[in-house]
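Subject: Structure for your review

Hello,

Here is the structure for you to look at. My notes on what was found in it follow below.

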Amino acid sequence: MFQSRIENETLICTFTGRLDTITCTNWQPEYKEMLDDFEGDVVFDLTEVDYISSLFLRVCLETAKNLRVKSLRIQDPTTEVKKMFEIAGFNRIMEID
């Protein structure tokens with residue numbers, strides 16, 4: 001599941017469940033459209049996410065490299081999800097807490 005809101009020039013995206021290829025494919029078009037019209041910081045709240053796929057990692061990378069996005073922060077990942085970001089080396093290019 002994917003929900004988003006804007007607070008103080010920050011796009012906050014809240015995800016729940018598994019972020020596998022099928023679920024990412026379902027919300028990705030809506031997210032990309034929102035990102036086209038947005039300039040500022042982006043936060044991905046992963047508090048209730050227990051799995052991320054390579055497609056979700058690609059979405060994170062594309063977001064971090066977007067010139068209109070000031071920063072991308074991964075908020076509250078589980079230990080397992082945080083390990084996936086670290087294995088991929090994403091902890092060097094975005095804030096993960």
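E30 is partly exposed, with 46% relative accessible area; buried stands for under 20%, exposed for over 50%, and partly exposed for values in between (1.4 Å probe, protein chains only). Residue areas come from the Shrake-Rupley method with a 1.4 Å probe, and only the protein chains shown count as cover. E30 sits in helix α1, residues 21-36. Helices (H or I, at least four residues) and strands (E, at least two) are DSSP runs, numbered from the N terminus.

This is a predicted model, in which local features need pLDDT of at least 70 and side-chain atom pairs count only at pLDDT 80 or more, while totals for chains, interfaces and linings use all residues. Residues are numbered from 1 along each chain as its sequence is written, and side-chain values use heavy atoms, with hydrogens and water left out.

Charged patch

E30 belongs to a surface patch of negative charge, together with E33, D36 and D37. Patch members have over 30% relative accessible area and no salt bridge; like charges are joined within 9 Å, and nonpolar side chains (Val, Leu, Ile, Met, Phe, Trp, Tyr) within 5 Å. Lys and Arg count as positive, Asp and Glu as negative, and His and the chain ends are not counted. Each charge is placed at NZ of Lys, CZ of Arg, CG of Asp or CD of Glu.

Salt bridges

Side chains of opposite charge can pair when their charged atoms come close. The whole structure has 6 salt bridges, a salt bridge being a side-chain nitrogen of Lys or Arg within 4 Å of a carboxyl oxygen of Asp or Glu.

One of them joins R5 and E7, at 2.6 Å from N to O. R5 is partly exposed at 40% relative accessibility, and E7 is partly exposed at 38%.

Another pairs K32 with E62, where the closest N and O atoms are 3.9 Å apart. K32 is in helix α1 and E62 in helix α2 (residues 54-65), so this pair ties together parts that are 30 residues apart in sequence. E62 also forms a salt bridge with R58, with 3.8 Å between the closest N and O atoms. Both E62 and R58 are in helix α2, 4 residues apart, about one turn of the helix.

Backbone angles

Most residues other than glycine have a negative phi, and most peptide bonds are trans. N8 is not a glycine, yet has a positive phi of about 50°. N8 is in the loop between β1 (2-7) and β2, and is exposed at 77% relative accessible area. D76, also not a glycine, has a positive phi of about 55°. D76 is in the loop between β4 (69-75) and α3 (79-87), and is partly exposed at 40%.

Individual positions

The contacts below are heavy atoms within 4.5 Å, and neighbours within four places in sequence are left aside.

T10 is in strand β2, residues 10-19. With 16% relative accessibility, T10 is buried. The contacts of T10 are R5, F38, D41 and V43, and R5 is the residue that forms the salt bridge with E7.

S53 is in the loop between β3 (40-52) and α2. S53 is buried, at 5% relative accessibility, and is in contact with L19, D20, T21 and C24.

Y51 is in strand β3 and is partly exposed at 34%. The contacts of Y51 are G17, R18, L19, D20 and V81. How far apart are Y51 and L61 in space, C-alpha to C-alpha? The distance is 17 Å, for a separation of 10 residues in sequence.

Regards
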